[in-house]
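Work through the exercises below with the model open. Try each task before reading its solution.

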Amino acid sequence: MLLTNTRLATMITGPDSEPYGEIDSGALVLSGAKIEWAGHAKDLPAQYSSEEKLDLEGRLVTPALLDCHTHIVHGGNRASEFEMRLNGASYEEVARAGGGIVSTVSATRESTEEELVQSALPRLDRLISEGVATVEVKSGYGLDRETELRMLRAARTLERLRPVRIKTSFLGAHAVPEEFADSADAYIDEVCIPALKAAHALGLVDAVDGFCEGIAFTPKQIERVFNVAGDLGLPVKLHAEQLSNTGGIQLAARYRALSADHIEYGDSADVKALADAGSVAVLLPGAFYTIREDHLPPLQRLRDFGVPLALATDCNPGSSPLTSLLLTMNMACTLFRMTPEEALAGVTRNAARALGLADCGTIERGRRADLAVWDVERPAELSYRIGFNPLHRRIFGGEL
């Protein structure tokens with residue numbers, strides 16, 4: 001198929017390239033699920049001129065978006081905690097009072113696999129409707145072997161029910177369940193690690209995550225999980241330095257994590273460690289906004305050290321009940337002062353890198369034909385508007 005009369009934001013950038021890797025008067029050739037050719041229409045090889053044509057009437061084409069950090073599979077909601085925070089309680093106070101992550105565990109444990117799938121589908125559909133083609137989904141609301149496996153099976157089922165790619169992360173080290181309230185170490189040894197091994201044996205895990213924080217797990221505890229991940233050949237990532245600096249980013253860097261996520265309290269040494277490790281910084285403005293954090297992530301230092309910046313919704317029932325990646329982009333620009341070009345790179349090229357994917361995130365020969373076609377005049381509009389979805393159509397694996 002030949003896509004004509006379009007403008008391309010290829011997201012292939014360099015010192016001599018246009019912003020966004022933009023090509024005005026562009027064309028695309030799709031062959032099956034892959035991009036066969038992309039470039040200026042005037043340079044289209046003659047061999048493709050007779051292909052079936054789709055006139056995009058001057059619309060902008062970008063890589064399809066990726067949401068590289070979500071918790072969309074879960075039971076229940078935490079609207080009551082939202083109200084508590086508005087009445088003055090901090091995120092940490094809510095968690096220590098028995099709320100937070102642990103409060104979602106009961107509802108998730110009580111949900112069947114089918115119920116988890118059906119409750120997640122509306123959230124997933126919202127993301128797809130905004131041009132998203134790849135979604136990372138974490139476990140972490142079971143905190144026992146069977147529920148963690150159930151969550152991961154539900155995530156895999158989503159991929160069979162919708163035209164979307166799902167990447168799963170095992171997040172057994174998300175919180176300490178009530179039955180292990182005084183023994184986080186025992187939970188790691190007796191529940192988390194055995195559940196990880198079982199999930200891997202069933203082919204349910206693409207990466208391993210953890211929550212390194214004062215209200216969750218220490219670096220030493222997470223390190224034991226990461227060692228098992230390494231033995232299983234699984235990449236790691238980490239929720240780090242969201243509420244304080246506990247050494248999580250340094251741990252992630254030592255294990256050459258795909259990404260360190262949140263990182264509001266990261267310092268210069270942490271940023272250098274990420275740069276040296278080649279890890280991606282995943283910024284999550286939805287959580288920053290919802291918990292009313294006021295400590296900004298070290299954006300300029302990340303730029304200075306050349307750390308790739310990704311963005312994600314962090315869609316979850318407590319700290320970021322957000323299902324719009326477009327709004328996430330706007331928040332990143334408004335709250336963190338990212339540029340619109342950085343924001344679009346954060347949900348395309350760098351989001352792919354944060355998931356360890358080398359076959360998507362840019363428009364170039366050999367990449368997956370996962371594309372988004374937008375009714376906009378310029379790429380900055382994707383970050384500029386609030387609550388407006390200009391998607392014209394989505395292309396997934398070459399299928400309109």
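**Exercises on a predicted model**

The model is predicted. The chain has an accessible surface of about 15,500 Å², and carbon and sulfur atoms account for 49% of that area.

**Exercise 1.** Describe burial and contacts in the chain.

*Solution.* First, burial: 60% of the 400 residues count as buried. Second, contacts: take those between residues at least 6 apart in sequence. Of these, 72% join residues at least 24 apart.

**Exercise 2.** Find where the mean positions of the charges lie relative to each other.

*Solution.* Count the charges: 40 positive and 56 negative. Their mean positions are 3 Å apart.

**Exercise 3.** Is Glu-241 buried or exposed? Is Arg-337 buried or exposed?

*Solution.* Begin with backbone angles. Most residues other than glycine have a negative phi. Glu-241 has a positive phi, near 50°. It sits in the loop between strand S10 (237–240) and helix H8 (248–254). Its relative accessible area is 0%; the cut-off for buried is under 20%, so Glu-241 is buried.

Now Arg-337. Its phi is also positive, about 65°. The loop between helix H12 (325–336) and helix H13 (340–346) holds Arg-337. Relative accessibility is 59%; exposed means over 50%, so Arg-337 is exposed.

Technical notes
Residues numbered from 1 in each chain as written. Predicted model: local features only at pLDDT ≥ 70, side-chain atom pairs only at ≥ 80, totals over all residues. Heavy atoms only, no water. Buried < 20%, exposed > 50% of the residue type's maximum accessible area, 1.4 Å probe, protein only. Contact = heavy atoms within 4.5 Å. Areas by Shrake-Rupley, 256 points an atom, 1.4 Å probe, with all protein chains shown as cover. Lys, Arg positive; Asp, Glu negative; His and termini not counted. Charge placed at Lys NZ, Arg CZ, Asp CG, Glu CD. Helix = DSSP H or I, 4+ residues; strand = E, 2+ residues; numbered from the N terminus.
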